[in-house]
Amino acid sequence: MNRAVISGDVIAYTSLSDADKPKIESSIGQLFQELGARFDVFSRMIKGDYLECYIPDPANALRVALLIKSRVKACALELEDSHDKRLSAFKTYGIRLAIGIGEITRFDRDKGIIDGEAIYFSGRTISDISATFDKERIVIKNTLFIKTNDEQLTSELEPLLALLDVLISKATAKQSNILYLKLLGNSEDTIAKELKLFQSTVNEHSTSLGWNAIEKAVLYFEKLMKSKSE
């Protein structure tokens with residue numbers, strides 16, 4: 001039976017200030033609790049900027065990936081203002097994520113063991129990403145990836161993730177926060193109350209970030225993965 005693993009690394013983490021890094025880490029820690037409670041996801045942070053999430057039901061993988069991405073991008077609301085190019089890349093992309101779907105031969109939540117092709121797929125994809133860094137510039141081609149043990153399925157899903165990548169990269173930190181709450185299933189009225197905004201403002205941001213298309217993509221992914229498991 002297939003499982004899903006998401007591997008990811010925070011973009012330009014080393015360019016964040018010592019005051020900002022704990023804010024990111026705290027937000028990701030709260031995110032892990034939410035993912036565990038809602039989707040039974042086992043999550044861990046490694047070296048401060050690299051994360052891994054084990055997802056028992058692959059149908060939830062895309063929603064979980066977008067929750068991670070939107071939550072990390074929303075962190076920019078709390079960061080120190082800066083015109084640093086690398087920090088700008090963080091605000092645009094937030095985090096690189098690779099979804100791996102395949103067999104998991106060993107999983108021990110208590111010992112932190114995840115072993116099998118799903119984590120090999122996600123981990124190796126992140127390692128192979130061609131991004132070039134130096135002090136003056138940062139070049140990022142894509143930040144959402146998928147690899148499965150079905151080549152045709154991977155080929156079918158890659159364009160979907162590429163389009164979502166473009167959409168979400170254009171979202172502001174405030175819009176990313178709204179996206180995060182929408183992906184959790186909250187209504188616009190609930191989001192408006194939580195963020196102390198007018199419902200019309202939430203709706204306007206939702207439209208701007210392309211929520212209807214994102215929701216359709218997530219539901220399509222969920223339906224497709226459930227059909228593969230039958």
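Helices, taken as H or I runs of at least four residues, and strands, taken as E runs of at least two, are DSSP runs numbered from the N terminus. On this basis, Thr172 of the predicted model is found in the loop between helix H5 (151-169) and H6. Thr172 is partly exposed, with a relative accessible area of 40%. The separation between Thr172 and Arg71 is 101 residues in sequence, whereas their C-alpha atoms are 12 Å apart in space.

Helix H6 itself spans residues 173-183 and includes Ser176. In contrast to the partly exposed Thr172, Ser176 is buried, its relative accessible area being 1%. When residues up to four places away in sequence are not counted, Ser176 touches Ser70, Lys73, Ala74 and Ala171. Of these contacts, Ser70 and Lys73 fall within the range of helix H2 (residues 61-74).

The strands were examined next. An open sheet is formed by five strands in the order S2-S3-S1-S4-S9, and the pairing is mixed. From one strand to the next, the twist averages 15°. Strands of a sheet pair through backbone hydrogen bonds, in either a parallel or an antiparallel manner. Within this sheet, strand S1 (residues 2-10) and strand S4 (residues 95-103) are paired in the antiparallel sense, with nine bridges between them. Ala4 stands opposite Ile101 in S4.

Helix H1 lies across S1, S2 and strand S3 (50-55). Relative to S2, the helix runs at about 160°. The loop between H1 and S2 contains Asp40. Although Asp40 is not a glycine, its phi is positive, at about 55°. Asp40 is partly exposed, with a relative accessible area of 43%. A positive phi, of about 60°, is also found at Lys196, which is likewise not a glycine. Lys196 is placed in the loop between helix H7 (188-195) and helix H8 (199-209). With a relative accessibility of 76%, Lys196 counts as exposed, whereas Asp40 is partly exposed.

Charged side-chain pairs were then considered, and seven salt bridges are present in the structure. One of them joins the side chains of Arg38 and Glu34, with an N to O distance of 2.6 Å. Both residues lie in helix H1 (residues 21-39), where Arg38 and Glu34 are four residues apart, about one turn of the helix. Arg38 counts as partly exposed at 43% relative accessibility. Glu34 is also partly exposed, with a relative accessible area of 25%.

A further salt bridge is made by the side chains of Glu52 and Arg44, at 2.7 Å from N to O. Glu52 is buried, with a relative accessible area of 9%. Arg63 forms a salt bridge with Glu222, and the closest N and O atoms of this pair are 2.9 Å apart. This pair links distant parts of the chain, with Arg63 in helix H2 (residues 61-74) and Glu222 in helix H9 (residues 211-229), 159 residues apart. Arg63 and Glu222 are both buried, whereas Arg38 and Glu34 are partly exposed.

A disulfide is a covalent bond between the sulfur atoms of two cysteines. The structure holds zero disulfides. Cys53 is in no disulfide, and the nearest cysteine sulfur, that of Cys75, is 14 Å away. Conversely, Cys75 is in no disulfide, the nearest cysteine sulfur being that of Cys53 at 14 Å. Cys53 counts as buried, its relative accessibility being 0%. Cys75 is also buried, with a relative accessible area of 5%.

Terms used: Residues numbered from 1 in each chain as written. Predicted model: local features only at pLDDT ≥ 70, side-chain atom pairs only at ≥ 80, totals over all residues. Heavy atoms only, no water. Disulfide = S-S within 2.5 Å. Buried < 20%, exposed > 50% of the residue type's maximum accessible area, 1.4 Å probe, protein only. Salt bridge = Lys/Arg side-chain N within 4 Å of Asp/Glu carboxyl O. Contact = heavy atoms within 4.5 Å. Pairing = 2+ DSSP bridges. Axes fitted to C-alpha atoms, helices over the stretch in contact; angles between N-to-C directions.
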